[in-house]
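This report goes through the fold of one protein and then looks at one of its helices in detail. Please keep the sequence and the structure in view while reading.

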Amino acid sequence: MGNLEYNSSRPPIQVDDITLAHLKVVIGTKLRRQESFMMTWLPDQSVQSGRLTTWMHPAIPLVFSFDSTAMPVIDPKRIEHMMELLNARGDLVLDQMS
């Protein structure tokens, strides 16, 4: 289980390494293009209930922390699907990705 740390103001978002690798590609692509967007996820229910949304912006620090040293295999179809959903609604919803 890897971590996505954004703006250091909240606990990191815990995501499995394979999903985190795909997020790295999608988020990196959008931010490299200077395209801001929203990202929504379900936090650890023992810490907070409900759903969280943050505004992703190129100027805000972002850290991808993987548990494994091995590079996960990237599935281009999964990246394409994630980008299509993000571009269609302007929100990257982590619990609805597959």
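## Terms and overview

Contact means that heavy atoms lie within 4.5 Å. The angles given below between elements run from 0 to 180 degrees and are taken between N-to-C directions, with axes fitted to C-alpha atoms as lines.

The model is predicted. Its protein contains two helices and six strands. Read from the N terminus, the order of elements is β-β-α-β-β-β-α-β. Of the 98 residues in the protein, 37% are buried. Among contacts between residues at least 6 apart in sequence, 62% join residues at least 24 apart.

Three strands form an open sheet in the order 4-3-6, and the pairing is mixed. Strand 4 (52–56) and strand 6 are the edges; each has a single partner strand, so one side of each has no neighbour in the sheet. On average, neighbouring strands of this sheet are turned by 25° against each other, direction ignored.

Strand 3 and strand 6 run parallel and are joined by three bridges. Asp 91 in strand 6 is the bridge partner of Met 38.

## Helices across the sheet

Which strands does helix 1 lie across? Helix 1 lies across strand 3, strand 4 and strand 6, and runs at about 155° to strand 3. Helix 2 lies across strand 3 and strand 6, at about 135° to strand 6.

## Helix 2 in detail

Helix 2 covers residues 76–89, which is 14 residues. From its first C-alpha to its last, helix 2 reaches 20 Å, close to the 20 Å expected at 1.5 Å a residue.

Which residues of helix 2 are buried? They are Arg 78, Ile 79, Met 82, Met 83 and Leu 86. These residues are on the same side of helix 2 because they cover an arc of only 130° around the axis. Their cover includes helix 1 (17–32), strand 3 (37–41) and strand 6 (91–93). On the other side of helix 2, the residues Pro 76, Lys 77 and Ala 88 are exposed.

## The two ends of helix 2

At the start of helix 2, Asp 75 has a side-chain oxygen that reaches to within 3.0 Å of the backbone nitrogen of Lys 77. Just after helix 2 comes Gly 90, which takes a positive phi of about 75°.

Notes
Residues are numbered from 1 along each chain as its sequence is written. This is a predicted model: local features need pLDDT of at least 70, side-chain atom pairs count only at pLDDT 80 or more; totals for chains, interfaces and linings use all residues. Side-chain values use heavy atoms; hydrogens and water are left out. Helices (H or I, at least four residues) and strands (E, at least two) are DSSP runs, numbered from the N terminus. The expected span of a helix is 1.5 Å times one less than its number of residues. Buried means under 20% relative accessible area, exposed over 50%, partly exposed in between (1.4 Å probe, protein chains only). The arc is that of the directions from the helix axis to the C-beta atoms. A polar contact is a pair of N or O atoms within 3.5 Å; within protein, one must be able to donate a hydrogen and the other to accept it, and residues adjacent in sequence count only if both atoms are side-chain atoms. Two strands pair if DSSP finds at least two bridges between them.
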